[in-house]
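Good morning, and thank you for coming. Please take a moment to look at the sequence and the structure, and then I shall guide you through some of the features.

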Amino acid sequence: MSSELAPPKVTDMLCENLVNTKYENLSEWNIECFKDRLLDITGCIFGGAIVEDNQVLVDLAKRWGGTEEAPVFLKGFRAPVNNAVLINCVVARSNDYGNMFMHVLGDRIASHLGETLIPLGLTLADMYGTSGKDFITNNVAAEDLTGRILYTFVNRWPFDMLLVSTAAAAMASRYYGLNAERTKAALSFAATNSTDPANSYYDYSQEFKYHNGESARCGIMSAELAKGGWRGLVDPYFGHWGLAVRDTGGELPPNYEKAIQDLGKIYYTEESFKVFPGGIPNTPATVAAQKVRARFIDRGYKVSDIKKVEVERSENTGYNYYAAPFAHVDQLNALFCYQFQVCCALYYGTVKVEYVQTKAIQNNPELVEMVQNSTMGVYKFAEGEEPVRGMRVRVTMKDGTVFEHTEPATAMHKYPTREFIISKFKDQFNAFGKLPASTADKIIELALNIEKVSDMREYTSLLQI
């Protein structure tokens, strides 16, 4: 390690770059990918608005009242900004359908930044009347800083979640006009109040989405405290007990110096899109189910002809919460369950947000029975077979005919066409069902040309009823 790069030099340089980044510094890919992600997350706001348990937060915000400074999207009222961003980000994450994953210096890194940053940015852009170019730049600059720090982590899962509040504070600092020193103070408060125990997925708790909202609120509070003059840490990431050295015995991580490689020249952002509600790991299992369904439908079979459904993960795919049984029969469990996702795709032909809502599930006993009678197992590779990670779905019909397909895990990260992104948006817009189709068309038009918008309230007004 070079002594001239010792803490807090790297963090200081990251803060300087965050503050000084301009729209002109971004690549064409940064801008085009962001427009896709904006439309994608906007769709997730519509899809998340139908999730019933979010009403708890809406009722709280209305009870607490306060200054009507920021919009609560699709809920018909305004609230103090800290409460508005909490709800908006929780809603966006609610079906676990947003974009994620970053490629930093060739490494693919899990992240859940977009479901916080884009709703947070939309909320702040509405307050400030931000231009589309600044809206893009604020988001990309915050992602880049966060991804570079995350790259240095020795263990990234589930510690990627610890940096969502960092991303929120970084972006809020740009909206608040903080300089690099005050930005580092804001990052200090966000880093020391980072959240998210990974067991929220295993326990099927609403904490998985509350994390994104609380991180946004933490970002707002962090920027407010920094603006008010509170003193931050010398280095919240690489200094004493910093987040990036928490698992290294206080030693700087081996990738420490790389955090500033090509700083200001390359901007790292999220770039993977979810094909189905409930997370990227569902993708190969659900695609396999779709292909099996197409085959038996083509042969003249119906869903009612199914006798047995078997779901298997490859032997080099570790056990996780997706492989657990469908025990709770509700939306939270449905999002993170291979067996539900597979049976849902077999039943409907796909998985949409309206299919994974608790009432829809509980009102479909035929689907529930199919899921609960399905099995989850592991398939082993034959001798000499290439060990390709993936998911296998095998369906046995009542007459004994078997249909089977194995889908490689590479299906999780294929960049979608813009047609798919538009279709995904429209599906969720239609599931919300409270605005005319002309509004959807206007959102699509603006999202895909957002850099030309002079005042983001032209866009955010379409998310208010």
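Is helix 6 mostly covered or mostly exposed? Before I answer, please note that this is a predicted model. Helix 6 is mostly covered, with 19 of its 21 residues buried. The helix comprises residues 132-152 and reaches 31 Å from its first C-alpha to its last, close to the 30 Å expected.

I turn now to the nonpolar cores. In soluble globular proteins, nonpolar side chains tend to be buried together. The largest core here has 103 residues, and those touching the most other members are Leu38, Leu120, Leu122, Phe135 and Tyr459. Let us take Leu38 as an example. Beyond its neighbours within four places in sequence, Leu38 is in contact with Ile118, Leu122, Phe135, Ala447, Ile450 and Tyr459. Apart from this core lies another, of 47 residues, including Tyr201, Phe336, Tyr338 and Val356.

Next, the aromatic rings. The whole structure contains 26 aromatic pairs. One of them joins Tyr201 and Phe208, which are tilted, at 6.4 Å centre to centre and 45 degrees between the planes. Why do both residues count as buried? The cut-off for buried is under 20% relative accessible area. Tyr201 counts as buried because its relative accessibility is 2%, and Phe208 because its value is 0%. Both residues belong to one aromatic cluster, together with Tyr202, Tyr321, Tyr322, Phe336 and Tyr338.

The charged end of Arg392 sits over the ring of Tyr379, 3.9 Å from its centre. The charged end of Lys424 sits over the ring of Tyr97, at 4.0 Å from the ring centre.

Note on methods: Residues numbered from 1 in each chain as written. Predicted model: local features only at pLDDT ≥ 70, side-chain atom pairs only at ≥ 80, totals over all residues. Heavy atoms only, no water. Helix = DSSP H or I, 4+ residues; strand = E, 2+ residues; numbered from the N terminus. Expected span 1.5 Å × (residues − 1). Buried < 20%, exposed > 50% of the residue type's maximum accessible area, 1.4 Å probe, protein only. Core = buried A, V, L, I, M, F, W, Y, C linked by side-chain atoms within 4.5 Å. Contact = heavy atoms within 4.5 Å. Phe/Tyr/Trp six-rings, centres within 6.5 Å; stacked < 30°, edge-to-face > 60°. Lys NZ or Arg CZ within 6 Å of the ring centre and 35° of its normal.
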